[in-house]
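Trainee: Could you walk me through how to read the features of this model, one at a time? I'd like the general idea, then the case at hand.

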Amino acid sequence: MRPFDEDDAAAIERPPAIHIDGSQAGTLLRGIEQRGRLARLLLHDLATTRTAVARGLIPPDVLSETPGWSASLSSRPIDAPPAHLLACVELVRNADRSWTVLAERSSLPYGLGLLASAPWGEDSPFASFSEFVVEELDRRSPHRALLYDPAAISPDENLAPHLVEQDARATAEVLGIELLTPADLTVADGRLARTSHAQTPRGPQGSGADLPAPDLLIRYSPSTALDPLEPTGRPHTGIPGLGALLRTGAVTVSNPSGAAILANPALATFLPRLTRHYLSEDLILPSVTTYWCGDRAMCSHTIAHVSRLILRCVATREIFDGRTMSIRELADLCAQIADEPWDWVGQEPVEPDAIQLPDGGVTPVMLRGYAAGGEEWHALPAGLAFIGELDDRSRPLTHVVLTEGDE
């Protein structure tokens, strides 16, 4: 699958854009913005005072069992401003025309560059959205770069690795910032510096080492690939010593490494009360009904109904469909859940409503939507559309346009 590639003659025929209008589009835009505002406050709290844990809004086991979560790497000075920048969620429409969030992708919001490369014509929604993002970046720092490590691409269930690399380059281009790898940066004398061989496609002529080092990094690598010296760090990835700079506030990473918690499916269980706590609002876009097995009652419910639920292992990201498993397989799975309940969630199956495509076809569609902000949030009135059944990993990819107004 190679979307939006005008130069590849062998590329598959691209499906036409999908349009979602009226109140549905308005609900999606407001709901994605709300998710961004909520994530900003939650992540800042977890990086500083952690009142959400102290007040029992999030069980400590949800944090400690999140892949990539590190209290050390996520910590920030109390007076540091919130670092969250981009929100990204995947949704499907239900038979009653409501929408359900299947997954949070805000930890690594891949896809913006792919959307920017789409054949929008003169009415590209990226004009105002990219301007807003750049203005927000200007408020945070004049020295920023997109940090991407080709050797540490986070697994994405719906985008192949070559698309992630294409996306990273396109995102840096549309935001007008450098694309750097860990090999281009080093920590020296308590600050981030460029290595002697660092090169840059923009800026003064000469070596990249002559340019100011960024103090704001847009993260396109998993949190485990930021600093190999951290407890959750991977060997031979990242920038040794970067974690110490994050803790002192000398460098900021957006989205922050603590955003790994957003990818934990167990968090969906607690989002309604987190939304009321931080925003005094109800969740506009509900998540798929999720039972975290670290709670005894929810674990008992999951095991009792395992044959009709979708089971997810938090640590390995494996997915099991209880509806298709044999009695013996279900028994083995229940034993695993009972042995390490905090590492499992059960989810109600989602049957997405079919959407009519511009060519007249009718098929399920999953939407990946985006928002950006700081004090204020703005949703991108567009998104990626994955056409076909949810378990089809080869389904075609196109773009969707969201237009508020009368239906």
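Mentor: Let's start inside: α1 gives the largest share of the lining of the largest cavity, four residues. This is a predicted model, so local features need pLDDT of at least 70 and side-chain atom pairs count only at pLDDT 80 or more, while totals for chains, interfaces and linings use all residues. Residues are numbered from 1 along each chain as its sequence is written, and side-chain values use heavy atoms, with hydrogens and water left out.

Trainee: How many cavities of 30 Å³ or more are there?

Mentor: The general idea first: rolling a probe the size of a water molecule over the atoms shows where empty space is left. On a 1 Å grid over the protein atoms alone, a cavity is a set of points where a 1.4 Å probe fits but cannot get out; a pocket is an open set with protein on both sides within 12 Å along at least five of seven lines; lining residues have an atom within 4 Å of a point. Grid points are joined across faces, edges and corners, and a volume is the space filled by probe spheres set on the points. By this rule there are three cavities of 30 Å³ or more. The largest has a volume of about 170 Å³. It is lined by 19 residues, of which Ala47, Ser74, Arg76, Ala83 and Pro256 are the closest to its centre. The elements giving two or more residues to this lining are α1 (22–47), α4 (71–74) and β9.

Trainee: What do the element names stand for?

Mentor: Helices (H or I, at least four residues) and strands (E, at least two) are DSSP runs, numbered from the N terminus.

Trainee: And how much space lies in the second largest pocket?

Mentor: About 260 Å³. Its lining has 18 residues, and those closest to the centre are Arg76, Pro81, Pro82, Arg140 and Thr252. Here α6 and β9 (252–254) are the elements that give two or more residues.

Trainee: Since α6 has come up, what should its 15 residues span?

Mentor: The expected span of a helix is 1.5 Å times one less than its number of residues. For α6 (residues 126–140) that should be 21 Å, and the end C-alpha atoms are 21 Å apart, which agrees.

Trainee: Which residues of α6 are buried?

Mentor: Buried means under 20% relative accessible area, exposed over 50%, and partly exposed in between (1.4 Å probe, protein chains only). In α6 the buried set is Phe126, Phe129, Ser130, Phe132, Val133, Glu136 and Leu137. Seen down the axis, they fall within an arc of 155°, so they line one face of α6; the arc is that of the directions from the helix axis to the C-beta atoms. On the other side, Ser128 and Arg139 are exposed. Among the elements that the buried residues of α6 pack against are α5 (112–116), α7 (161–175) and β16 (377–387).

Trainee: What about the loop between α6 and β4?

Mentor: Ser141 is found there, and this residue is buried, at 4% relative accessible area. Contact means heavy atoms within 4.5 Å; leaving aside neighbours within four places in sequence, Ser141 is in contact with Asp215 and Leu216. A polar contact is a pair of N or O atoms within 3.5 Å; within protein, one must be able to donate a hydrogen and the other to accept it, and residues adjacent in sequence count only if both atoms are side-chain atoms. The Ser141 side chain makes one with the side chain of Asp215 (2.3 Å) and also reaches the backbone nitrogen of His143 at 3.0 Å.

Trainee: Which residues are buried in α10?

Mentor: In α10 (residues 296–304), Met298, Cys299 and Thr302 are buried. Their arc, seen down the axis of α10, is within 100°, so they line one face. Arg296, Ala297 and Ala304 are exposed on the other side. What covers the buried residues includes β10 (290–292), β11 (310–313), α11 and β13 (344–347). At the start of α10, a side-chain oxygen of Asp295 reaches to within 3.1 Å of the backbone nitrogen of Ala297.

Trainee: Last one: is Asp339 buried or exposed?

Mentor: Asp339, in α11 (residues 327–339), counts as exposed at 57% relative accessibility.
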